[in-house]
Number of protein chains: 2
Amino acid sequence: MFKAPLKDPKPMPLKSRPSHRVLGIDPGSRSTGYGVIDTDGTRSVRIAGGCIRVNHLPWPQRLSRLFDGIAQVVAEYQPHEIAVEQLIFARDATAALKLGQARGAVLCAGLRENMPVHEYSPKSVKLAVVGTGGAEKSQIQHMVCLLLSLPETPSEDEADALALALCHAHAMGLPPRRRVAASWRDFRP
Amino acid sequence: MFKAPLKDPKPMPLKSRPSHRVLGIDPGSRSTGYGVIDTDGTRSVRIAGGCIRVNHLPWPQRLSRLFDGIAQVVAEYQPHEIAVEQLIFARDATAALKLGQARGAVLCAGLRENMPVHEYSPKSVKLAVVGTGGAEKSQIQHMVCLLLSLPETPSEDEADALALALCHAHAMGLPPRRRVAASWRDFRP
């Protein structure tokens, strides 16, 4: 059984209520990132995040592990909505089949709780978080770290998932610290 | 909520015991066929079968419906094992993503019950049921109808699912009426 990491011991409290809890998921057939944020319209804080690695497992146990992992995160953190990357293309049909199965597994884990699922294209996520649609992974990691005032840089998978959650907060009309997002051009990795 | 069709009122009883119950699934992003058979090593009987149509639903509700549908079939008929088509290629990456997601959803519905899942290539299914790896849909429908002594021809999706279950029975060393299978060449659709 997948064990979700413990919550941050002292997540930064939101000043205003009601807050909205969003679960971002970056599905992958080798590892799936997830990130939970609370957002109140002006600020977002990370509640939990991590990565479910399944590359050591055979098919179809990978799917089962992904399903259980996301179902456990949903049960533990009780998000209101899910944000997931919109899949438009893949390297080839074989990769697409694998990725599709992983996505089906993690979506089912959320859908069973009747949660709304929102899809965002990679470009719109990068635009919302970094300010440019052609941003690289390291730029997303850096901006997620800044936007959520994280003590250390999250892994690529977790950063992508948190970025999806932030993108949804943005799309809801709850811009996550636009001031910081606008300062992206000052960052040179 | 998906409603599984009622069991056949009088499924043909197997002469010898113990019997083995196999659920065959033919996943599709528009409709998913399923078929449940009991096999005792010499004969197989259809216990249930049908098709879960989701082409009228938006994504990702399709996945949820597929998941619920297969989960309900599993709960109702309590199969011992699942047989599913091995996906090797797809028309293109976009089609593969959709098909992969549907497959992930239906597999998760079975995997949650800790059932073994067996994959068979389309060619091996056709070989086991029809006797030739290049068989057409109508030939599969006809042979499934003969092998299971069905009163009427099942739909294409259900026939594919029942053929997968029969293929697994065959692979287990439980040949499903080889005599009838060998008579395929006498059939001209």
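How many disulfides does the structure hold over all chains? The structure holds zero, a disulfide being a pair of cysteine sulfur atoms within 2.5 Å.

Before selecting anything, note that this is a predicted model, in which local features need pLDDT of at least 70, side-chain atom pairs count only at pLDDT 80 or more, and totals for chains, interfaces and linings use all residues. Residues are numbered from 1 along each chain as its sequence is written, chains are lettered from A and ligands numbered from 1 in the order in which they are written, and side-chain values use heavy atoms, with hydrogens and water left out.

**Stop 1: cysteines**

Cys145(A) is buried at 14% relative accessibility; buried means under 20% relative accessible area, exposed over 50%, and partly exposed in between, with a 1.4 Å probe and protein chains only.

Next, select Cys108(B) and Cys108(A). Cys108(B) is in no disulfide, and its nearest cysteine sulfur, in Cys108(A), is 6.2 Å away. Cys108(B) is buried, with a relative accessible area of 0%.

**Stop 2: salt bridges**

A search of the whole structure finds ten salt bridges over all chains. A salt bridge here is a side-chain nitrogen of Lys or Arg within 4 Å of a carboxyl oxygen of Asp or Glu.

Select Arg21(A) and Asp38(A), whose side chains meet in a salt bridge at 2.8 Å, N to O. Arg21(A) is in strand β1 (residues 20–26) of chain A and Asp38(A) is in strand β2 (residues 31–39) of chain A, so the pair ties together parts 17 residues apart in sequence. Helices (H or I, at least four residues) and strands (E, at least two) are DSSP runs, numbered from the N terminus. Arg21(A) is buried at 17% relative accessible area, and Asp38(A) is buried at 7%.

Move to chain B and select Glu158(B) and Arg46(B), which form a salt bridge at 2.8 Å, N to O. Glu158(B) lies in helix α5 (residues 156–171) of chain B and Arg46(B) in strand β3 (residues 44–53) of chain B, so this pair ties together parts 112 residues apart in sequence. Both Glu158(B) and Arg46(B) are buried.

Now select Asp160(B) and Lys137(B), where the salt bridge is 2.4 Å, N to O. Asp160(B) is in helix α5 of chain B and Lys137(B) in helix α4 (residues 137–147) of chain B; the pair links distant parts of the chain, 23 residues apart. Asp160(B) is buried at 9% relative accessible area, whereas Lys137(B) is partly exposed at 39%.

**Stop 3: Gln141(A)**

Select Gln141(A), in helix α4 (residues 137–147) of chain A. Gln141(A) counts as buried at 14% relative accessibility. Apart from neighbours within four places in sequence, Gln141(A) is in contact (heavy atoms within 4.5 Å) with Thr153(A), Pro154(A), Ser155(A), Glu156(A) and Ala159(A).

**Stop 4: helix α1 of chain B**

Select residues 61–77 of chain B, which make up helix α1. This helix has 17 residues and reaches 24 Å from its first C-alpha to its last, close to the 24 Å expected at 1.5 Å a residue; the expected span is 1.5 Å times one less than the number of residues.

The buried residues of α1(B) include Leu63(B), Leu66(B), Phe67(B), Ile70(B), Val73(B), Val74(B) and Tyr77(B). An α-helix has 3.6 residues a turn, so residues three or four places apart point the same way. What covers the buried residues of α1(B) includes α1 (61–77) and α2 (93–111) of chain A. From chain B, the cover includes β1 (20–26), β2 (31–39), β3 and α2 (93–111).
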